[in-house]
Amino acid sequence: MWFFARDPVRDFPFELSPEPPEGSSPGPWVLHRGRKKATGSPVSIFVYDVKPGSEEQTQVAKAAFKRLKTLRHPNILAYIDGLETEKCLHVVTEAVTPLGMYLKARVEAGGLKEQELSWGLHQIVKALSFLVNDCNLIHNNVCMAAVFVDRAGEWKLGGLDYMYSAQGNGGGPPRKGIPELEQYDPPELADSSGRAVREKWSADMWRLGCLIWEVFNGPLPRAAALRNPGKIPKSLVPHYCELVGANPKVRPNPARFLQNCRAPNGFMNNRFVETNLFLEEIQIKEPSEKQKFFQELSKSLDSFPEDFCRHKVLPQLLTAFEFGSAGAVVLTPLFKVGKFLSAEEYQQKIIPVVVKMFSSTDRAMRIRLLQQMEQFIQYLDEPTVNTQVFPHVVHGFLDTNPAIREQTVKSMLLLAPKLNETNLNVELMKHFARLQAKDDQGPIRCNTTVCLGKIGSYLSASTRHRVLTSAFSRATKDPFPPSRVAGVLGFAATHNLYSMSDCAHKILPVLCGLTVDPEKSVRDQAFKAIRSFLSKLESVSEDPTQLAEVEKDVHAASSPGVGGAAASWAGWAVTGMSSLTSKLIRAHPAATPAETNAPQRSPPEGHPAPAPTSVPATPTTSSHWETQEEDKDTAEDSSPADRWDEEDWGSLEEAESVLAQQDDWSAKSQESQAGQVSHPDRKALESDWNSWEAEGSWNQGWQEPSSPVPLPEGTRLASEYNWGGNESNKGDPFAALSVRPSAQPRPDPDSWGEDNWEGLETESRQAKAELARKKREERRREMEAKRAEKKAAKGPMKLGARKLD
């Protein structure tokens with residue numbers, strides 16, 4: 001029976017790349033690219049072929065093999081595996097490139113920045129400090145050929161062939177026998193007398209000076225060239241001169257050299273080095289330090305190398321989100337780094353994290369995701385959007401924070417093209433109807449109308465026919481002037497989606513009613529829209545054969561191309577929403593609830609209009625309970641989905657102080673509706689809506705709506721007068737007028753019906769709050785009177801007397 005010996009090279013789990021070697025390392029090693037057979041991950045393989053008569057070189061190679069296997073440090077070449085046979089030695093390390101080749105490639109690609117070189121030299125000096133101070137080892141081979149660079153741009157110290165102990169164990173330094181390496185030896189080694197006094201690190205620090213010279217000036221031709229610093233930066237020259245000084249005694253220890261270069265205005269004192277040092281110790285940093293670091297990181301990423309961002313910053317960001325408490329602050333730098341990734345890498349590394357973030361209940365996380373959706377929406381496929389993203393996003397429509405609702409509306413512009421039939425035509429339309437009918441923020445109602453006009457081309461033909469005309473007609477009855485303008489422009493932008501019959505019987509009557517609107521901007525847009533629709537009707541009347549061409553898009557299936565008309569009025573949406581965000585979220589921390597005004601709706605017909613009253617700057621206990629009573633009816637009618645905001649959603653990072661002062665956004669807006677305060681922020685808020693193009697275009701913007709005229713000074717509500725009755729026993733005689741008699745059933749605000757906008761306000765919150773306050777005041781006085789009567793009837797009690805029943 002025959003037994004065949006196994007080939008160890010064939011069984012080795014790594015294989016060499018067929019490409020030619022990348023270069024020779026110091027000594028007898030040859031560097032090859034390779035890969036792991038099981039996973040295909042790239043590695044570097046150093047190969048030494050044993051040749052007859054080279055016993056001395058073989059012993060040096062085996063010593064280097066052993067040293068690399070036992071030394072572990074972040075700045076020393078990382079050993080992975082090895083193979084030793086009679087014919088060869090294989091040492092497998094992380095995938096690296098020789099420093100000389102790396103610098104040449106970077107110069108050809110546009111050059112290296114000084115901050116990259118400072119961090120690379122920092123790593124090499126740190127490795128030397130570890131060897132000399134911690135291990136008592138002399139590297140004895142520091143030069144350009146002994147330094148390698150990994151895929152993240154990190155410099156690694158290799159070339160351990162000629163290393164020896166600083167304590168003299170195992171003999172002196174090994175003989176190199178290679179002239180190219182001997183030129184880096186310090187001058188004191190040529191002194192055979194041995195009288196030169198030197199430290200154990202003196203020789204390696206001389207060689208470090210040679211390395212610095214080569215990094216900035218190219219290959220070292222001879223030792224005498226070290227006298228001319230050449231292109232070495234001025235901030236590094238004094239420290240470089242210490243390294244190449246003739247007196248070995250004054251050459252600094254590697255640790256002190258780092259300290260000198262890290263001094264203020266030093267060569268290694270820059271943002272890039274500080275960022276790397278923080279990342280190396282991020283696991284032991286406090287959460288507050290991590291938060292601050294990630295907040296400032298995005299500002300610096302643009303100046304950092306691309307490879308560093310991809311391979312060093314990105315893994316730390318993903319780890320911080322997955323296992324740390326970094327939260328929303330990692331999003332901005334994460335998406336910045338994502339720009340450097342290929343589509344495949346983005347899909348593998350970032351998209352799973354983003355999808356997981358959408359299920360978070362952290363408000364700051366959700367609003368950051370919505371604000372930056374434009375950066376990653378292209379990488380989300382339709383099944384992921386419909387099953388994992390959209391169900392979480394729609395909860396933002398019900399949030400009590402106006403900024404969340406605002407950004408949710410804005411995100412629909414990006415999500416609509418990827419939504420399926422049910423989510424787009426049923427679920428989304430239901431939420432849009434709710435916002436347009438019931439939201440207390442005029443800008444959000446306006447933006448809902450604009451968003452509907454922009455995504456109208458994606459809706460099905462039946463949904464367009466049922467929704468668009470009703471929704472834009474409802475917008476024209478909104479008390480917020482920009483919403484009325486948005487309704488008119490919505491008709492104009494989607495003019496190709498209406499039949500001629502609808503134009504004549506449904507749209508023109510609505511537009512004609514706006515020709516007498518109090519706001520001139522609304523009237524101007526209404527006249528232009530009327531002229532446009534009349535010209536279409538007239539052209540079809542003159543030539544009926546054009547009817548099929550004019551109505552070709554009416555019954556067509558949803559198509560993104562149909563929305564080209566709406567593209568030109570996209571700019572206003574971002575302007576309006578950004579304005580709302582800046583007022584409601586990025587407000588000054590000292591802002592009070594009185595500084596934000598909700599749009600004031602028109603009073604119901606036949607009822608007195610409440611006078612504008614100031615909302616108290618600091619909510620009192622009584623006003624807080626008034627708000628709770630006002631919210632009872634809404635809470636009883638709401639569905640379980642409406643209670644979405646009852647969970648603990650955290651707080652917005654930029655507005656923690658503002659949100660802390662406002663117990664409930666909805667309550668604040670209801671108080672603001674009860675009486676609107678004249679404030680300069682109102683003009684600033686509404687002036688942001690003026691972003692339309694020149695006169696004559698369908699995209700001309702609206703003018704700033706005029707502020708409501710306040711009542712003369714001294715005017716009071718009718719309910720505030722005492723009409724001769726006993727105020728403590730009689731209620732407000734006008735309180736009964738606050739509720740309109742319900743002769744007809746109230747229309748469903750969540751549906752797109754031909755309803756009257758004014759019918760949405762069925763009660764006067766001001767009168768109701770006033771009545772509730774008076775009732776509580778009466779009850780308090782009654783209780784005080786009873787206690788006083790009871791106390792007077794019993795008389796004073798003697799001290800120590802026992803009360804008998």
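**A walk through a predicted model**

Over residues 1-5 the pLDDT stays under 50, and the model gives this stretch 0 contacts beyond four places in sequence. The structure is a predicted model, and pLDDT is the predictor's confidence in each residue. Residues 714-749 also have a pLDDT below 50, but this stretch has 46 contacts in the model beyond near neighbours in sequence. For the protein chain, the mean pLDDT is 75, and 69% of the residues reach 70 or more.

Next comes the chain in outline. The protein chain has 805 residues, of which 48% count as buried. Its elements include 32 helices and 11 strands. Take the contacts between residues at least 6 apart in sequence: 70% of them join residues at least 24 apart. The accessible surface of the chain comes to about 39,900 Å², and carbon and sulfur atoms account for 53% of that area.

Glutamate 280 has its place in helix H9, which covers residues 271-280. Is glutamate 280 buried, exposed or partly exposed? It counts as partly exposed, because its relative accessibility is 34%, a value between the 20% limit for buried and the 50% limit for exposed. Leaving aside neighbours within four places in sequence, glutamate 280 is in contact with Trp119, Lys126 and Lys312.

Aromatic rings are the next topic. A pair of aromatic rings is described by two values, the distance of the centres and the angle of the planes. The count in this model comes to 16 aromatic pairs. In one of them, the rings of phenylalanine 216 and phenylalanine 267 have centres 6.1 Å apart and planes at 70°, so this pair is edge-to-face. The angle is what decides here, because planes over 60 degrees apart count as edge-to-face. Phenylalanine 216 belongs to helix H6 (residues 202-217), while phenylalanine 267 lies in the loop between helix H8 (254-261) and H9. The pair thus links distant parts of the chain, 51 residues apart. Both phenylalanine 216 and phenylalanine 267 are buried.

Another pair involves helix H9, the helix that also holds glutamate 280. The ring centres of phenylalanine 272 and phenylalanine 304 are 5.0 Å apart with the planes at 65°, so this pair is edge-to-face. Phenylalanine 272 is in helix H9, and phenylalanine 304 is in the loop between helix H10 (287-300) and helix H11 (306-323). Phenylalanine 272 counts as buried because its relative accessibility is 3%. Phenylalanine 304 is buried, with a relative accessible area of 5%. Ring pairs join Phe272, Phe304 and Phe308 into a cluster.

The last topic is cysteine. How many disulfides does a search of the whole structure find? The search finds 0. Cysteine 143 counts as buried, with 2% relative accessibility. Cysteine 503 counts as buried as well, at 1% relative accessibility.

Note on methods. Residues are numbered from 1 along each chain as its sequence is written. This is a predicted model: local features need pLDDT of at least 70, side-chain atom pairs count only at pLDDT 80 or more; totals for chains, interfaces and linings use all residues. Side-chain values use heavy atoms; hydrogens and water are left out. A disulfide is a pair of cysteine sulfur atoms within 2.5 Å. Buried means under 20% relative accessible area, exposed over 50%, partly exposed in between (1.4 Å probe, protein chains only). pLDDT is the predictor's confidence in each residue, from 0 to 100. Contact means heavy atoms within 4.5 Å. Helices (H or I, at least four residues) and strands (E, at least two) are DSSP runs, numbered from the N terminus. Accessible areas come from the Shrake-Rupley method with a 1.4 Å probe; for residues, only the protein chains shown count as cover. Rings of Phe, Tyr and Trp (its six-membered ring) pair if their centres lie within 6.5 Å; planes under 30 degrees apart count as stacked, over 60 as edge-to-face and the rest as tilted.
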